[in-house]
Amino acid sequence: MRKIFLSFVLMLSAVSVMAAYYVAGNGASGNPWCDGKSWVVNGSPMTDQGNGTWAVTFQGVPVGSYEFKVTNGTSTWYGISKFSQDGSNITCYGSDNIQFMLSEAQNLTVTFNGSKICLQGSKGEQEPDPEDIGATGVPAEYEGVMLQAFYWESQKLTTFHRTKYIDLIEYADAIGTNFDAVWMPPSGQGGGVGYYTKQYSNLESDWGTKAKLLELLGKLHAHDCKVLADVVINHHASNNGWAKGFAVNNFGSYGTFQISSKYICSGDECFTNSSSDSKNLEKGGADTGTNDGGCRDLDHSNEYVQKMCKAYTQWLLNTIGFDGFRYDMTLGYAGQYLSMYNLASRPFLSVSECWESLSVIQTHLKATNYNTMAFDFPLKYKFNDWKGGSSYSYLKNPSLRNKGLSKYAVTFIDNHDTFRRSNGQEFLGDNTDISQKKRQIVEANAYLLMMPGVPCVFWPHWYTFPDDINQLIAIRKKAGIHSESAVTDEAASTNKYKATITGHRAQVFLRMGSKREDYAAPEGFTLELAGDNFDIFISELTPVDNISVQPVATKLIDNGTMYILKDGTRYTIDGRKAQ
């Protein structure tokens, strides 16, 4: 009996020293985060602080991308739904796991009181200079409409017309007449579509020659149409082996650069894959974002990489003649670096491909100090849910507009990655002939073009239905609908939708669906367009003189020196205020 009693006491003692909660995350050997243990449910015990709060501190966590949950040591996991920014000095995001990025090594403390999880860093997040917040890349109350002038492998396909530079030159007048900005494919040499670029400064690509690119830029600029370069700086392709032969990038007066393995993130496949011929080469720091498995991930915490990316973006704008940027795969590196490059080059418009949930896009915009716009992927998936026939409720106050962030939203229905890639992301499925889907596509574009944000029309849609889409663009411009336009009197149900949108010169009343006539147009509005399954009414036009629009950054050459002029202030091309 005594032995049983002693065994029971010992068992109680063992239970009493066990932690109630643990931290489990993406640990890695040699990294103090989660004690180097990867998703071990009871790997990192938390200590009772005596006030109902449990905590654990990890010392010297390096730069990188991290995620975690709090567990009870067995089957219960607490993730993003329990995270609280109130009490945390590091921004977290995610749809399940709690995710965050560190751009500076520091100690990290996770606390949990049973209802909320907090994350404190010993250095927190650096507060930016107020003058650097929203300083570039986001034109205020912008009335422009964008065109994506390519799609996947449209440099060689014939369906919906090939879109090499020489082909777009033929369309330059029509593009410039209707659109204010054009998003072009990656211009650097890389083969195919160009997203695995091998040489940024070599503009001889599968899309055409440098001479034809410059000719196209000139023809579009003649219509005051801005042109966005597709900037792929998350990853870079090698010409020899995994990471043994990177090309020289010559950006003229902005410098010459050649990366090597020591500028590649330490977690890249070239160092971790057993079949790599480069796994024993010198490596860079930890990745500050998510990894791309198809190419070598650049270490943006490295000053040399930063100088190269600044030179590249400045060269694209001030030597080649682009006006802005579409940044590829921007979750591949911390948002502060995108802001750094934009502050150095001062693009007219910048848009980030942050292909994630609404909460992640919000966090990303904050990380960039609001020096970029972002593609509104949540709205794109609302279009997919609706598909021109399902409930119109999907279209009511969605995505970035719902968060008051229309100013930063580039809206779209489809793009090169979501269209015909056999990944189930298409607006109307794998359409062998989208001309058979005219009603749904034109109706979706009617919504897109009457709403705030910067609408980005997709080339196959415009090429197939140019008259319909051009007419919609003309109505948007007539009313002066802009990126920050207010949407009021919005209502929706299964078979009808309505909204009033306020532009600089007029208001537009849009109604859609089979039962749209249940919604009467406001008094004083006249029918501007009766479409297939939608109607657009417009109010009386008002003078523009009373409209105050913030001027955008423009280029200025004075005595042979290039400056950026914004709000009456001159900046040098490296982002400093001119003396």
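Me: What volume does the largest pocket have?
Reply: The largest pocket has a volume of about 780 Å³. Keep in mind that this is a predicted model.

Me: Which residues lie closest to the centre of the largest pocket?
Reply: The closest are Ser103, Glu125, Gln126, Gln336 and Ala367. They belong to a lining of 30 residues.

Me: What makes a residue part of that lining?
Reply: It needs an atom within 4 Å of a pocket point. Strand S7 (98–102), helix H6 (335–345) and helix H7 (358–367) each supply at least two such residues. H7 gives the largest share, with five residues.

Me: What about the second largest pocket: how much space lies in it?
Reply: About 630 Å³. Its lining has 22 residues, and the closest to the centre are Asn26, Ser65, Gly267, Ala286 and Asp287. Strand S5 (residues 64–71) gives the most to this lining, with four residues. By class, the lining has five nonpolar, 14 polar and three charged residues.

Me: Why are Phe68 and Phe100 called an aromatic pair?
Reply: Ring centres must lie within 6.5 Å. Those of Phe68 and Phe100 are 6.2 Å apart, so the two rings pair. By this rule the count comes to 47 aromatic pairs.

Me: What makes the pair of Phe68 and Phe100 edge-to-face?
Reply: The planes must be over 60 degrees apart. Here the angle is 75°, so the pair is edge-to-face. Phe68 is in strand S5 and Phe100 is in strand S7, 32 residues apart, and the pair links these distant parts of the chain. Both Phe68 and Phe100 are buried.

Me: Why does the pair of Phe383 and Tyr447 get the label edge-to-face?
Reply: Apply the test again. The centres are 5.8 Å apart, within the 6.5 Å limit, so Phe383 and Tyr447 pair. The planes stand at 90°, over the 60 degrees required, so the label is edge-to-face. This pair joins helix H8 (residues 377–386), which holds Phe383, to helix H10 (residues 438–450), which holds Tyr447.

Me: Why do strands S3 and S4 count as paired?
Reply: At least two bridges are needed. Two bridges join S3 to strand S4 (residues 54–61), so the strands pair. They run antiparallel. Asp48 stands opposite Trp54 in S4.

Me: What makes S3 and S9 edge strands?
Reply: Strand S3 (47–48) and strand S9 (117–121) each pair on one side only. The open sheet has the order S3-S4-S8-S9.

Me: How do you know what span to expect for helix H12?
Reply: Take 1.5 Å times one less than the number of residues. Helix H12 (residues 466–479) has 14 residues, and the expected span is 20 Å. The helix reaches 20 Å, close to that value. Just after H12, Gly480 takes a positive phi of about 75°.

Terms used: Residues are numbered from 1 along each chain as its sequence is written. This is a predicted model: local features need pLDDT of at least 70, side-chain atom pairs count only at pLDDT 80 or more; totals for chains, interfaces and linings use all residues. Side-chain values use heavy atoms; hydrogens and water are left out. On a 1 Å grid over the protein atoms alone, a cavity is a set of points where a 1.4 Å probe fits but cannot get out, and a pocket is an open set with protein on both sides within 12 Å along at least five of seven lines; lining residues have an atom within 4 Å of a point. Grid points are joined across faces, edges and corners, and a volume is the space filled by probe spheres set on the points. Ala, Val, Leu, Ile, Met, Phe, Trp, Tyr, Cys and Pro count as nonpolar, Asp, Glu, Lys and Arg as charged, and the others, Gly among them, as polar. Rings of Phe, Tyr and Trp (its six-membered ring) pair if their centres lie within 6.5 Å; planes under 30 degrees apart count as stacked, over 60 as edge-to-face and the rest as tilted. Buried means under 20% relative accessible area, exposed over 50%, partly exposed in between (1.4 Å probe, protein chains only).
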